[in-house]
Amino acid sequence: LVMLLALQGCAMVEVSSVGPREYISMKRGDVLTTGEVSANTQQTTRVAGLDEGSCLELNNTCIQALSKVEGLAVDRKLSALAELWLKEAIRLQKSDDFRPEQKLDAWLQTARHAYAYLFYSDRTSSERAFEDRQTQVRDYYNYAVQEAVALLFQQRLPDMDAKGGLTEEKFSLGDWTVYTDYHDVRLPEGVSAPKELIRASTLSFKGLRSSYRRDGFGAELVAVLGDDSSNSEAQNFSEMPSPTFTALLHFEGAMLEQVLSTRSVRLSVHDPYGTRSILIKGQTIPLAANFTAGYGLWLARTDFATQSLLTLFGRDAGISRPHIFLMQPYDPNRRILLMLHGLGSSPEAWVNVANEVLGDEGLRNEFQVWQVYYPTNIPISFNHAVIRKVVKDTLAFFDPSGKARASRDMVVVGHSMGGVIARLMVSSSGDDLLRSLREDLNADEDSFKAVEDKLKPLVQFEPIPNIGRAVFIAAPHRGTEFAGNRIGRWISSFIKLPLTLLEGFEDVLMTIGRADPKQPDGQLRRIPNSIDNLDQADPFIRAASALPISPKVPYHSIIAKLKPEVPLQLSNDGVVPYPSAHLEGAKSEKVIVSGHSVQETAAAVLEVRRILHEDVRLHEQESD
């Protein structure tokens, strides 16, 4: 009797407290984060009357048993099955003992049950918006789609190449029939299919301050298209060789039972820059996106740092002409942000500036980034003339009529020597540069007229009408003493100009036939290189600094000051003195304590973003 009374008096429920770590683990821990199924799924197996230990240990058996249980809430059952299938898919993926069809089936089952939970259960996604479980299940779907698409790509790449690239098709793998839908993406002309497909979630970058992405539905992928064409003679531009895409798997069926029984799935691939959301079963769903992965991968796989130095000194493996890189597929409805790097540099100079623009939703919706990569050894006048032509030709290729929004009101941003070139792009030369050149060459009238037509394209120009705003960063508009001092002259002596340039213009100097008074023994005048042009005493930079900027183009200056204690007028950034970088009439001038590579500082990036947001706001006001 005493024993019976004691048993009836035992507490059936006990209570204890948990700390913050255990609290988060109970709410968020799951197969993806801890390797073990979540507390939600464990509870579901207990409520279903399944032995938790043996059920979760024999995962496939547990899936089959839970699938047959009646009376469970639909949400609860589907979310638990999605996680159990995910656990099974990860197990199969790690082993070489299973065929691709078996692995694909497990990933598709995971995605199918997650898809059913999100769109075919008793409550809509918006009704569960603040629930941790919905976020978990969305992650199960995204991860499963990522792995399923990667597996499909490996299996189908030979057929994709044989059929000429991304063509919509129907094929079978195991028991599944897959339909492909690529209508929302466009590969660059001449590219048939990606050579490699990389999961964006697996990439981590050094050298980038931030990685920008958009939470949402779908798998974030990077499609590597092959080698870039910066040295190709076929065209002067190339689109991003590693664009980012977002992939979705759609399971056919009007009702839950049909979705859970179908063996047909539609794979759709989307451009996240152009598509922000999709409609599924009457619900507008934000599309996941990664705006850093493709850009970061491209920079990591190029060797711009070495190539730009080889180019500066005229060595093999350098570049001989400007090239434009489009940081995303061309969009006729986004204005262009054109970036020009400085001496001995490359698109890597803009690594954080471009990434911050791409990561800012307001700017990303307004602008597309074009980066000019040009040989920094050749004279500024040559580079300026060719860059003008490359920009014009690239615009004409994508927009022959010139009526697209992308062809109007572009913003040009130039750093260092790129800032000098950017200034020329928005200036009027009149006859000033031609007159200055003739005086510098000390040529007689007849000799000069013989070569005048060849020189005019280099020294006579008007503002590019497509440009609506300019930003100059640490730009030596009036040259720099550094270029003309002993170190600058020593570096300049190692610079070798491209043969194509010499073959085109050495005859000009021979025709003039004047000896250079600065050279011993009456040597013929040599073509000045870029460092010569940046000397504050150089006739070209002195004449160019006096050219008027178009009154239609507002411009801004970002200037670096190396030592904060030095008075502004006497300061410099280690290379460019303040009086050379300063421009009267600028809409704004931001002075930042920094060295010459100021464009990489957080303060400069914020200032560029401020200027661009102001530009967007003014355009919106004009359109109202």
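**Exercise 1.** State how β9 and β10 are joined, and in which sense they run.

*Solution.* Take β9 (residues 277-280) and β10 (residues 283-286). Strands are DSSP runs of E, at least two residues, and helices are runs of H or I, at least four, numbered from the N terminus. Two strands pair if DSSP finds at least two bridges between them. Here four bridges join β9 to β10, and the strands run antiparallel. Within this pairing, I278 stands opposite I285. The hairpin has two residues between its strands, and K281 takes a positive phi near 50°. Now the faces of β9: I278 and I280 are covered, S277 and L279 uncovered. In a regular strand, side chains alternate between the two faces of the sheet.

The model is predicted: local features need pLDDT of at least 70, side-chain atom pairs count only at pLDDT 80 or more, and totals for chains, interfaces and linings use all residues. Residues are numbered from 1 along each chain as its sequence is written, and side-chain values use heavy atoms, without hydrogens and water.

**Exercise 2.** Give the strand order of the open six-stranded sheet, then find its edges.

*Solution.* The order is β1-β2-β8-β7-β5-β3, with mixed pairing. β1 (170-173) and β3 (196-199) each have a single partner strand, so one side of each lacks a neighbour in the sheet.

**Exercise 3.** List the buried residues of α24 (buried: under 20% relative accessible area, 1.4 Å probe, protein chains only).

*Solution.* α24 covers residues 602-623. Its buried residues are A604, V605, E607, V608, I611, L612, D615, V616 and H619. An α-helix has 3.6 residues a turn, so residues three or four places apart point the same way.

Methods. Expected span 1.5 Å × (residues − 1). Buried < 20%, exposed > 50% of the residue type's maximum accessible area, 1.4 Å probe, protein only.
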